Amino acid sequence: MSNHLWSQRVEWKEDRKLVWNNFKSKVNNQRGKDIVAYTHCGWVYSVVKSSNPKGAAKVNIETIFNEDKSWKDDNRISEYVLNHEQKHFDIAEIYARKIRKEVAAKIKTSGDYDRYFQGIYNRILKDYKNFQALYDGVTEHGMNKEKQSEYDVMISDELEQLKDYKKP
């Protein structure tokens, strides 16, 4: 059972890119005829903390791609479209690194976690959703090649700037 559940998720790794076989959903739940693929990605987090507010807290954040909720139109896929979808996954990693950065700065104890984590998470989640929508809007879901190229560079630069906050 656990192997089956785990196989539905792909953890973000710098040296492993998405492939079309990762897109396993048969259902296109996106509106619009111009959608060639849909990447369902985001984060999962766990925390180990103490009942003592002064005890240490350790927060783990993973960027994941959900294979069973990600879809592709087999008749229209291409390496170019796959790059656009990979960038959605990379954006999720950027925002995971932003969470890790704030957590590292602000959360040392269980009390800190109780006080700050949900606010940090909710604020960055909102920014993340807005950026994903902006990315699709500006690149026209990747169809604007010039804008896609600009975002490819921007996303790569941002990953590099936040490299200190890669998952250990």
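S110 counts as buried, at 0% relative accessibility. Buried here means under 20% relative accessible area, exposed means over 50%, and partly exposed is in between, with a 1.4 Å probe and protein chains only. Not counting residues up to four places away in sequence, S110 touches K49, S50, N52, P53, G55, A56 and A57. Contact means heavy atoms within 4.5 Å.

Before I continue, a word on the basis of these values. This is a predicted model, in which local features need pLDDT of at least 70 and side-chain atom pairs count only at pLDDT 80 or more, while totals for chains, interfaces and linings use all residues. Residues are numbered from 1 along each chain as its sequence is written, and side-chain values use heavy atoms, with hydrogens and water left out.

I turn now to the chain as a whole. The chain contains 4 helices and 5 strands, and along the sequence these follow the pattern α-β-β-β-β-β-α-α-α. The C-alpha trace spans about 55 × 40 × 30 Å along its principal axes. Of the 168 residues, 42% count as buried. The accessible surface comes to about 10000 Å², and 51% of that surface belongs to carbon and sulfur atoms; these areas come from the Shrake-Rupley method with a 1.4 Å probe, and for residues only the protein chains shown count as cover. Among contacts between residues at least 6 apart in sequence, 78% join residues at least 24 apart.

Two residues illustrate separation along the chain. F117, also found in helix α3, is buried, with a relative accessible area of 1%. Its C-alpha atom is separated by 9.2 Å from that of V59, which is 58 residues away along the chain. Leaving aside neighbours within four places in sequence, F117 is in contact with Y45, V59, I99, V103, I107 and D112. The second residue is K13, in the loop between β1 (9–11) and β2 (37–38). K13 counts as partly exposed, at 35% relative accessibility. K13 and K166 are 153 residues apart in sequence, and their C-alpha atoms are 9.2 Å apart in space.

Next, the helix packing. Two packed helices are described by the angle between their axes and the distance between the axes. Axes are lines fitted to C-alpha atoms, for helices over the stretch in contact, and angles run from 0 to 180 degrees between N-to-C directions.

How do α2 and α3 pack? Helix α2 (residues 79–106) meets α3 at an angle of about 155 degrees, with the axes 10 Å apart. That makes α2 roughly antiparallel to α3; angles under 35 degrees count as roughly parallel, over 145 as roughly antiparallel, 65 to 115 as roughly perpendicular and the rest as oblique. The crossing of α2 and α3 is right-handed. A crossing is right-handed if the near helix is turned clockwise from the far one by less than a right angle, and left-handed if anticlockwise. By class, the contact of α2 with α3 has 13 nonpolar, 4 polar and 8 charged residues. In this scheme Ala, Val, Leu, Ile, Met, Phe, Trp, Tyr, Cys and Pro count as nonpolar, Asp, Glu, Lys and Arg as charged, and the others, Gly among them, as polar.

Helix α3 (residues 110–139) and helix α4 (residues 145–161) pack at about 145 degrees, with their axes 8 Å apart. This crossing is right-handed as well. On the α3 side the contact is made by F131, L134, Y135, V138 and T139, and on the α4 side by K147, Q148, Y151, M154 and I155. These residues divide into 7 nonpolar, 2 polar and 1 charged.

For α2 and α4, the axes come within 10 Å and cross at roughly 35 degrees. Here the crossing is left-handed. Among the residues that meet are Y80, N83 and H84 in α2, and K145, Q148 and D152 in α4. The contact of α2 with α4 divides into 5 nonpolar, 3 polar and 8 charged residues.

E140 is partly exposed, with a relative accessible area of 45%. H141 lies in the loop between α3 and α4 too, and H141, also not a glycine, has a positive phi of about 55 degrees. At 30% relative accessibility, H141 counts as partly exposed.

Technical notes:
Helix = DSSP H or I, 4+ residues; strand = E, 2+ residues; numbered from the N terminus.
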